[in-house]
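Trainee: Could we go through the contacts in this structure one by one, with the rule behind each term?

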Amino acid sequence: MEQTISVSVNGRQYERSVEPRLLLSDFLRHEIGLSGTHVGCEHGVCGACTVLMDSAAVRSCLLFAVQANGRDVTTVEGLDGGHEELHPIQHGFWEKHGLQCGFCTPGILMTLVPFLEENPDPTEDEIREVLSGNICRCTGYQKIVEAVQLSARLIKEKPA
Amino acid sequence: MKPAAFEYHAPRTVEETLALLWNYGEDGKLLAGGQSLVPTMNFRLTQPTALIDLNGIDELFFLREEDDELRCGAMTRQRAVERSDLVKRIVPLLHETMPHIAHTQIRNRGTIGGSLAHADPTAELPALAIALDASMYVRSFTDARWIAARDYYVGLFTTSMEPEEMLLEVAIPGLPAGSGWAFEEVARQKGNYAMCGAAAVVDLAEGGSIGHVSLVFLGVGEAPVEAERAATLLVGEKPTAAAIRAASDAAAKLDIDPVGDIHAGPAFRRHLAGVLAERVLTKACARAAGYEG
Ligand SMILES: Cc1cc2nc3c(=O)[nH]c(=O)nc-3n(C[C@H](O)[C@H](O)[C@H](O)COP(=O)(O)OP(=O)(O)OC[C@H]3O[C@@H](n4cnc5c(N)ncnc54)[C@H](O)[C@@H]3O)c2cc1C
Ligand code: FES
Ligand code: FES
């Protein structure tokens with residue numbers, strides 16, 4: 001039986017009627033057309049589908065859309081806050097070549113938003129640990145680590 | 001859409017939940033963090049008639065100290081336990097082990113109750129529950145009971161709960177001053193389920209000999225395995241390197257009977273168990289003696 005839900009995504013309210021078995025990842029991609037959230041494995045392993053729900057990084061493939069009813073979701077499309085400028089983390093990845101095919105990138109960026117808020121000066125070990133939940137098959141991670149280090153600096157330099 | 005269709009219930013109270021479970025029995029599944037259940041639904045290995053979502057039941061989210069015990073509500077997120085100062089103070093072994101469980105994104109949703117009830121033989125929390133002598137508070141629509149962690153785990157992904165029962169809370173005795181603890185594991189990748197892990201809790205008696213020891217393995221059986229022979233060898237002994245080595249060898253040879261899988265064969269798991277036992281016993285004894293924080 002379908003259920004009507006109302007979810008705030010990147011600051012905009014969406015109301016839809018959905019089946020309870022609809023995954024949040026499919027809701028984002030197919031129901032409201034935000035295909036920036038990628039789907040790699042659908043069992044929680046790859047991290048490509050990571051989004052923020054009420055500011056916490058979560059796997060959207062392991063949540064049902066009905067569970068996001070009344071909540072705030074942020075996807076990679078919301079990173080620039082509706083402005084034309086890149087988020088400092090996006091800028092860091094662009095400058096340091098933190099991606100090749102880019103499939104893993106949205107999930108990594110969304111993992112890093114709360115991480116860098118809580119750890120403005122992360123060590124390389126801390127960066128590698130937080131990245132352990134996101135699989136990248138292209139870069140070998142080295143450039144991603146450098147991108148995170150630059151992102152941390154950019155966030156600090158950014159005028160408030 | 002990968003999961004099969006189901007009826008979705010989002011009760012607000014434990015009473016409502018127990019009534020739903022009573023009605024559905026085997027056909028109803030509780031949804032906690034979803035970090036183990038939803039993958040199996042996406043594979044259609046699990047196709048419940050009804051999904052009963054516990055995420056709206058406020059009374060299941062809590063962490064508090066009561067009678068020198070840590071009381072933890074079933075829906076308390078793994079991440080909340082990892083970050084709790086209370087947990088760090090009264091059950092430091094639990095605090096130290098949390099980061100070994102999966103990744104931050106998983107721990108943000110995954111719950112203590114979900115992990116304990118799921119009874120994965122390579123999960124950290126069931127092994128810890130036994131090492132720490134925890135008890136589970138379980139209810140059905142008609143009954144309520146406490147189950148000691150030792151009696152809770154009965155087999156592969158199997159607990160002694162009935163289908164109409166649910167786990168409400170876990171009580172973990174605080175570690176008294178003078179006890180030592182340690183946890184270590186070996187996983188192929190940070191955050192993956194471990195091939196083998198070991199938890200130890202040690203109390204030293206007057207005079208510095210070992211009064212009580214609990215050594216529990218994960219990944220070497222269908223449920224967590226308590227190393228009873230090793231414990232018998234150690235009690236009454238001084239915690240010397242030789243005594244710890246002998247007990248660790250006994251644990252690996254006599255206390256476990258691991259089977260192999262694609263991640264690690266039986267001989268390798270036995271080897272890991274011996275090495276990890278020695279490490280955690282050494283660290284726990286040093287902590288009990290006050291050499292290491
Ligand atoms: C990529 C990945 C890596 C992981 N790595 C690890 C790891 O290294 N170590 C580890 O321990 N875990 C790991 N996990 C699993 C994770 O810790 C899960 O959160 C945990 O196993 C289940 O908790 P949950 O709250 O998500 O429960 P759910 O997935 O919602 O439920 C699990 C099972 O328990 C039942 N259940 C839930 N709550 C109750 C209750 N209160 N009473 C009775 N039954 C209940 C459910 O019906 C279901 O059968 C990993 C998961 C993923 C996706
Ligand atoms: S698609 Fe969600 S973790 Fe891989
Ligand atoms: S850039 Fe291709 S998977 Fe990471």
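Mentor: Buried area is the accessible area, taken with a 1.4 Å probe, that two parts lose on being put together, summed over both. This is a predicted model, in which local features need pLDDT of at least 70 and side-chain atom pairs count only at pLDDT 80 or more, while totals for chains, interfaces and linings use all residues. Residues are numbered from 1 along each chain as its sequence is written, and side-chain values use heavy atoms, with hydrogens and water left out.

Trainee: What area do domain 1 of chain A and domain 2 of chain A bury between them?

Mentor: Domain 1 of chain A and domain 2 of chain A bury about 1,100 Å², with 67% of it on carbon and sulfur atoms. The bounds, 3–78 for domain 1 and 88–157 for domain 2 of chain A, come from an automatic or database domain assignment.

Trainee: What is the buried area between chain B and chain A?

Mentor: Chain B and chain A bury about 2,400 Å² between them, 58% of it on carbon and sulfur atoms. The contact (heavy atoms within 4.5 Å) takes 31 residues from chain B and 29 residues from chain A.

Trainee: Why is the pair of Arg79(B) and Glu118(A) called a salt bridge?

Mentor: The term requires a side-chain nitrogen of Lys or Arg within 4 Å of a carboxyl oxygen of Asp or Glu. The closest N and O atoms of Arg79(B) and Glu118(A) are 3.8 Å apart, so the pair meets the rule. Across the interface of chain B and chain A the rule finds four salt bridges, whereas between domain 1 and domain 2 of chain A it finds zero.

Notes: Chains lettered and ligands numbered in written order.
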